[in-house]
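Please have the sequence and the structure open while I talk.

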Amino acid sequence: MPMDAPVGRLKRRPEFLRVAQRGRRFAAPGLVLQACTSAEAGGEIRVGLTASRKVGGAVVRNRARRRLRALVRPVLARHGAAGNDYVLVARQDTATRPWKSLVEDLETALRRLGRWRAKDPEKAP
RNA sequence: CCAGACGGCCGGACGGUCGCUGUUCGCCGCUUCUCCCGCGAGGGACGGCGGCGGGUGGAGGAAAGUCCGGGCUCCACGGGAACGCGGUGCCGGGUAACGCCCGGCGAGGGCGACCUCAGGGAAAGUGCCACAGAAACAUACCGCCGGCCUGCGCCCGCGAGGGCGUGCCGGCAAGGGUGAAAUGGUGCGGUAAGAGCGCACCGCGCCCCCGGCGACGGAGGCGGCAGGGCAAACCCCAUCGGGAGCAAGACCAAAUAGGGGCGACACGCCGGCGGCAACGCCGGCAGGCGGGUUCCAGCGCCGUCGCCCGGGUCGGUCGCGCGAGGCGCUCGGCAACGGGCGCCCCAGAGGAAUGACCGUCCCUGGCCGCGAGGCCAGGACAGAACCCGGCUUAUAGGCCGUCUGGCAAA
RNA sequence: GACCCCGUAGCUCAACUGGAUAGAGCAUCAGCCUUCUAAGCUGGUGGUUGCAGGUUCAAGUCCUGCCGGGGUCG
């Protein structure tokens, strides 16, 4: 069983701004990932979710944010490097994109930002 | 069967794997205050927090727009009235209340079922009615008629006389023309020409009677028209309204700064003010502290430490889910709605949960196939933020009931 | 949560107290000028006045309900 990192939440506006300004970002078709090393995070990883009004009405925004949250446990907590703050930004296609594509979007985003963690934890030091 | 009118209802269904959250039960761990037992170490009770497991609940008919009406909370206010401002406006009911709903009246539209609209006052006053037109609320452009008449001019005629134009005085408002609108409409009589001048019918106003709680409807008589439109122009009349809003409001309460109290230690000099005094306040000097060190000058600060109190910010808790509550039956009422009885508890988040993914089924469309069927798309409008009653707006598709007009059959 | 303001030609703005073909500048089109272009001159096109109802003889203007922008306060 892979070791899932404990997941914290980003809630306040300064935390989002810090990740946006000091971190790296990668834009996939279904989502945008921003990542930033964080001393406050410690051994866990912290995640923030964002869906702006550009994405759609309240219903569409809620759906996009819920799908992004559903991505956190099976992908980000399992494969994301600990000690980082992540921000997942919803795009216009987030609510309608096929689920498999959305998973691949997040995986390639983690790889491109150098935050990919191997699936098998026993081989890691 | 076709076309249509009105009213009501639903707002995909089932299953699986992972999650979030409220509540409840059990077990485990930690634990402040309070209470109980114990000399004590400690144990227990009620709670609180965390974890695990089980049960159970978890977006809408519009949750939306914020257009009205309330509950609730705080503020203001002795009561009432007047003024101002804002809303509402046929009548009668319903309701906690409403600008909402129901039933009825009136006007307009539709073959019809039905739909749409709305108070009174223009004789309380002010104002506006462009252009056109003579004139828009007071009048006469063209016109019609009479008189002066033997006026004047022209023409016709042998003549008597006649015609046309024109001047003055007077009568009329029928016709023409303008306009959205021109002083009731149609017909007959009447007249020099006309006119409600007279008459009949219709309209209008007043009076009276009948029906109705009423808006109003109907019948009769009288008056002869008593005098245009706009009050979603100002206004008058009637009636309603104190202001703010859950970020209301209440409670708990870090760090820092500042305020107050108590205790310990420290506490010089001069001047002024108050006071009997203890003493307090102010100003100056001295003193102490502040730059890596020393001196001088300048600047800033002024008892020090400890404990406590109150206000208050971040933060947290409550407000916050039993209510003008749902569902069923029944009674009264044409209905809106109300009464009675029984059953039920039905979201409470906090950057913000109520879901993510997969499968089967159900609709709709396209393609393939002779066919059974298969494949691929799509399934509306839209997300609670203190809560109710309405209104308005958005909405794929479907279901039910009543009624109207046709066609066909019996 | 409580409010306010604005929507007029492709763009920027007018239209008095309701009054009749909704104006102006830039842009655009055509012509003149020039060897050509620009500038200049002349003329033209271009509007469901955000939408739907209502009041009125008449609505960009008044009333009601929507739609879309922008802004204020706590």
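This is a predicted model: local features need pLDDT of at least 70, side-chain atom pairs count only at pLDDT 80 or more; totals for chains, interfaces and linings use all residues.

**The surface around the RNA**

Of the 13 residues around RNA strand B, those that come nearest are Arg9, Asn62, Arg63, Arg66 and Arg67, where a residue is near a molecule or strand if one of its heavy atoms lies within 4 Å of it. Residues are numbered from 1 along each chain as its sequence is written, chains are lettered from A and ligands numbered from 1 in the order in which they are written, and side-chain values use heavy atoms, with hydrogens and water left out.

Helix 2, residues 58-79, supplies the largest share of the surface near RNA strand B, namely ten residues; helices (H or I, at least four residues) and strands (E, at least two) are DSSP runs, numbered from the N terminus. By type, the residues of this surface divide into eight charged, four nonpolar and one polar, with Asp, Glu, Lys and Arg counted as charged, Ala, Val, Leu, Ile, Met, Phe, Trp, Tyr, Cys and Pro as nonpolar, and the others, Gly among them, as polar.

Which parts of the RNA face the protein? Of the atoms of RNA strand B within 4 Å of the protein, 74% belong to sugar or phosphate, and the rest to bases. A phosphate oxygen of RNA strand B is 3.1 Å from a side-chain N or O atom of Arg73, and a phosphate oxygen is 3.4 Å from such an atom in Arg65. On the base side, a polar side-chain atom of Asn62 lies 3.2 Å from a base nitrogen of RNA strand B.

**The sheet and its helices**

Turning to the sheet, five strands form an open, mixed arrangement in the order 1-4-5-3-2, two strands being paired if DSSP finds at least two bridges between them. The edges are strand 1 (7-9) and strand 2 (24-27), each of which pairs on one side only.

Strand 3 (residues 31-37) and strand 5 (residues 84-90) run antiparallel and are joined by seven bridges, with Gln34 standing opposite Val87 of strand 5. Strand 2 and strand 3 are also antiparallel, over four bridges; a hairpin of three residues joins them, and Phe26 has Leu33 of strand 3 as its bridge partner.

Finally, helix 2 lies across strand 1, strand 3, strand 4 and strand 5, running at about 160° to strand 4; contact here means heavy atoms within 4.5 Å, and axes are lines fitted to C-alpha atoms, for helices over the stretch in contact, with angles running from 0 to 180 degrees between N-to-C directions.

How values were computed. A polar contact is a pair of N or O atoms within 3.5 Å; within protein, one must be able to donate a hydrogen and the other to accept it, and residues adjacent in sequence count only if both atoms are side-chain atoms.
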